[in-house]
Amino acid sequence: MLEIAFKGSKKYWLWIVLLLAVIGAGAIAYVDQFLNGLMITGMSRDVSWGFYIANFTFLVGVAAGGVMVVIPYYLHDYERFHRITILGEFLAVACLIMCLLFIVVDLGQPTRMLNVLLYPTPHSMLFYDMIVLNGYLFLNIVVGWKVLEAERNQVEPVWWTKPLVLVSIPFAIGIHTVTAYLYCGLPGRGFWLTAILAPRFLASAFAAGPAFLIILCYIIRKFTKFDPGWEAMQTLSKIVCYAIIANLFFFACECFVVYYSGIPSHLAHTQYLLFGLHGHNMMVPWMWSSLGLMGLGAIFLLIPKLRNNHALLPVTCAMIFFGAWIDKALGMIAGGFVPSPLHHVTEYAPTLQEGIIALGVYGAGLFVLTILYKLATTVKEEVRG
Amino acid sequence: MMIKSRRSFLKVAGIAAIGMGAAPVMNLAASESHGNAGPEITKNEESLHAKRWGMVIDTSKLTEEVAEAVNKACHKAHNVPDFTITPDPEKYPHARTIRDGQEIKWIWPEHFHYAFPDKEDEFLAEKFHDLPFLVTCNHCKNAPCVQACPTQATFKREDGIVIMDYHRCIGCRFCMAACPYGSRNFNFMDPRPFIEETAPGFPTRTKGVVEKCNLCAERLAKGEQPHCVEASEGAIVVGDLEDPESKIRHLLAEHYTIRRKQSLGTEPSVYYIV
């Protein structure tokens, strides 16, 4: 099936070359980091995780969001999602590969990463994160590939794909729950120390994942002969709508608790994000933009006339996707680490080199996504044609 | 097995003082009568032991000079880099300069409201305002860093010291996020160009690993007091928290002491007499 990826239009090859160039630039920047250490990043003693882990956290969410097409189709026989389940599964694969890459580029000693397997440590949440992330990646590759292959051969998928799909559903919830547990089980970090963190992660994931999927559907419609179906996209947009409202609601709950209780070690972080702390307010415009984008996006999706507008829907989805990215990637890291445990205010901004490395990881993810989507859409064109 | 034995080595170092004391360390020939082929480990008679090591800092004896002396003594002996110096251009022609905030500190002075942010008080006694509260790793009884570490590179010894295996650390920095005291450091770059004079008694570290105070486990093993204790002019006392007759238990019985962020349940082993 992979041979399909080697036949494409001029535009396809141009895109592939562009992605390879981005990956190459990221790789060159990474070699320097590998040789000289994480000193090239904007991270510090006080903000010890940065742009890499931020993007990792966000992309775990996009990966988990794929389950929002799997559940309706496999558990509720929602036929309209038949054509796009593969897109959800392959999106999860690409995102998980980016997640793993972001973890690797964040390690101080990447050559020692297998120590996590050599000395398995069940009291560390990273141990479980490793299991669920790799498990979910494996499940999606196997299921996606097998189902697509069956479709190409116009036979029923082999029987064991179904139980694997069912297993992948708790795994999807699991990857984001465990990723939230990395943060919310730490005693000294008031911003993360909240039981609603995992639900909030899931809510934003189920908004950002399907929102990105809708945008991908538009791209697929533009560049291939395969039509994911407007009705499927409409249902997806309703899922995004519910999820983004849940995310905003959870954030409102957080704000109520920290501001009404007024406990300084919890309040200081939210205060820093929304209004700045001791004159440090780098995150303030970002956070309000994020809330604005997510809030406006929710309104656009709530009103049927706006939701059904072909031209507006991708814009709405981009707003929600970007808003959720600021909220969960930038806000989660900056909010958690600022102020520091000693209540020093050390702000963080990624360096250019850090950004190029991150871009390289995104390039690698998009490369994988392009190949997988090329396979999926070509097979579906073949079968239909 | 090779890797495992290196780890057990670190674990027993405190109680056994392998290769450091004058006493014989390993008796490889001891196996005959027992029929056991493994090497036998004997204790260094002079090494200091405790059921649970703890520290008491008498803040009335802290001055800026004492705080600086403690900081210098510790950092010098443990090869903690000083990023304010200029590396030797002949030895390290390509050494880069580090960014602000990427420095390494094992024990250092902080103002009261940073050392004890949960005890902030607008009517705080005058004398505390400029007092250099020395802060370091608390060697918590319930250490969040030990819980977080995915490779057990950070682990707790039987005597309560929270210590690290620098060769196992993968540099994920989960422990830094977990520590509620900001006591952990990451080597953002190779520290060696910034060590003015390498102390032979302690290993230097490589880039990409975390490090922190080890309560001078290497010195306790030789029967010596930690560097901070020696440099503190009586302000710092280290001893056995579980021994009711120990000096630090007497100090705790006689004085009112506070610990950092007690409410978190980490059970810090560093006490402050105020």
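Bear in mind throughout that this is a predicted model. Begin in chain B by selecting helix 2, residues 64-77, and look at what its buried residues touch: they pack against strand 4 (107-110), strand 5 (133-136), helix 7 (227-231) and strand 10 (236-240) of chain B. The buried residues of this helix are V66(B), A67(B), V70(B), N71(B), C74(B), H75(B) and A77(B). From first C-alpha to last, the 14 residues of helix 2 of chain B reach 20 Å, close to the 20 Å expected at 1.5 Å a residue.

Next, show strand 4 and strand 5 of chain B together, which run antiparallel and are joined by four bridges. Within this pairing, P109(B) has L134(B) in strand 5 as its bridge partner. Turning strand 5 of chain B about its axis, one finds both faces covered, with F133(B) and V135(B) buried on one side and L134(B) and T136(B) buried on the other. In a regular strand the side chains alternate between the two faces of the sheet.

Now move to the open sheet of four strands in chain B, whose order is 10-3-12-11 and whose pairing is mixed. Its edges are strand 10 and strand 11 (257-258) of chain B, each of which pairs on one side only. Inside the sheet, select strand 3 (residues 53-58) and strand 12 (residues 270-273) of chain B, a parallel pair joined by four bridges; here D58(B) stands opposite I273(B) of strand 12.

Which residues have the most contacts inside the largest nonpolar core? Select A63(A), M98(A), C99(A), Y136(A), V240(A) and I320(A), in a core of 193 residues. Helix 4 (residues 85-106) of chain A supplies the largest share of this core, 16 residues. Centre on I320(A), which, leaving aside neighbours within four places in sequence, is in contact with A207(A), A208(A), A211(A), V240(A), I244(A), L293(A), M294(A) and G297(A).

Finish where the two chains meet, in a contact that takes 33 residues from chain A and 44 residues from chain B. On the side of chain A that touches chain B, helix 5 (115-118) and helix 6 (125-152) of chain A each supply at least two residues. Coloured by type, the residues of that side divide into 13 nonpolar, 16 polar and four charged.

Methods
Residues numbered from 1 in each chain as written. Chains lettered and ligands numbered in written order. Predicted model: local features only at pLDDT ≥ 70, side-chain atom pairs only at ≥ 80, totals over all residues. Expected span 1.5 Å × (residues − 1). Buried ≥ 20, exposed ≤ 12 C-beta atoms within 10 Å, placed from the backbone. Contact = placed C-beta atoms within 7 Å. Nonpolar A, V, L, I, M, F, W, Y, C, P; charged D, E, K, R; others polar. Core = buried A, V, L, I, M, F, W, Y, C linked by C-beta atoms within 7 Å. Pairing = 2+ DSSP bridges.
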